[in-house]
Amino acid sequence: MAHGTWRSGSLMSTLSPAAEHDLLTAGVSVRHPPGKVLLREGERSSHVSLLLSGYVKVTAGNSDGGVALLAIRGRGDLIGELAALDGQPRSATAVAADTVRARVLSSAAFHEFLLRHPGAAEAVSRSVAAKLRWSTQRRIDFTGCPVRTRVVRVLLELAADHGEPTAHGIGIGFPLTQPELAALVGAAEPTVHKVLADLRRRGLADTGYRSVTILDQGSMRALVEPHSGRPRI
């Protein structure tokens with residue numbers, strides 16, 4: 001894959017051509033079918049996966065015994081780097097949302113790559129920091145924003161990060177169920193259903209059980225700007 005073709009904002013989009021080539025030739029190539037667990041919360045493994053295609057849902061158990069959807073990772077993203085860096089058990093589970101192609105590196109191979117490419121090591125640090133900021137912003141939203149604002153912010157960010165143009169708008173490029181969306185925004189399913197119904201009624205989004213298409217991004221942004229000025233989680 002040529003340099004510059006990665007999803008904007010992904011780790012790979014920030015690497016030099018030399019580092020990109022080195023990372024793409026490290027480790028082994030694997031293919032995961034939909035539903036395959038790539039990493040499991042609590043396990044003591046330290047390999048790293050570079051996603052080449054497909055989507056991965058990152059989840060973790062919560063205090064009431066349920067499962068919270070934490071994030072979506074896609075092409076050009078790295079998963080599993082925290083355990084490789086600090087040697088601690090996995091903090092979350094990663095499951096293939098569709099067919100996923102990846103390069104899998106051992107912890108040793110990953111550290112050797114970072115030593116050979118200091119710029120890549122800085123890029124990984126920035127990526128980890130961005131994930132922490134993302135998580136922090138979500139915690140703020142959970143305590144200070146209404147559910148509609150949280151849902152709209154999530155949908156806009158997913159469309160920005162993983163959207164695919166359609167005849168009518170921007171479709172989120174992976175299957176996302178309404179229960180998963182509720183878990184991602186930290187709200188009860190019935191409340192999220194009401195928000196989605198309102199967005200459909202306004203003509204802002206088209207939603208099915210496993211799909212979402214943003215029909216009017218400008219009007220969607222206007223719904224959240226009074227709260228934050230920008231549609232971020």
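User: What makes a set of grid points a pocket here?
Analyst: On a 1 Å grid over the protein atoms alone, a pocket is an open set with protein on both sides within 12 Å along at least five of seven lines, and its lining residues have an atom within 4 Å of a point. The largest pocket holds about 900 Å³, a volume being the space filled by probe spheres set on the points. This is a predicted model, where local features need pLDDT of at least 70, side-chain atom pairs count only at pLDDT 80 or more, and totals for chains, interfaces and linings use all residues. Residues are numbered from 1 along each chain as its sequence is written, and side-chain values use heavy atoms, without hydrogens and water.

User: Which of the lining residues are the closest to the centre of the largest pocket?
Analyst: Val58, Leu70, Ser91, Ala92 and Ser135, out of 35.

User: Which helix gives the most to that lining?
Analyst: Helix 4, with eight residues; helices here are DSSP runs of H or I with at least four residues, strands runs of E with at least two, numbered from the N terminus.

User: How do you know that strand 4 and strand 5 pair?
Analyst: Two strands pair if DSSP finds at least two bridges between them. Strand 4 (residues 56–61) and strand 5 have six, in the antiparallel sense, so they count as paired. Val56 stands opposite Arg73 in strand 5.

User: Why are strand 2 and strand 5 called edges?
Analyst: The open sheet has the order 2-7-4-5, with antiparallel pairing. Strand 2 (37–39) and strand 5 (67–73) each have a single partner strand, so one side of each lacks a neighbour in the sheet.

Technical notes. On a 1 Å grid over the protein atoms alone, a cavity is a set of points where a 1.4 Å probe fits but cannot get out, and a pocket is an open set with protein on both sides within 12 Å along at least five of seven lines; lining residues have an atom within 4 Å of a point.
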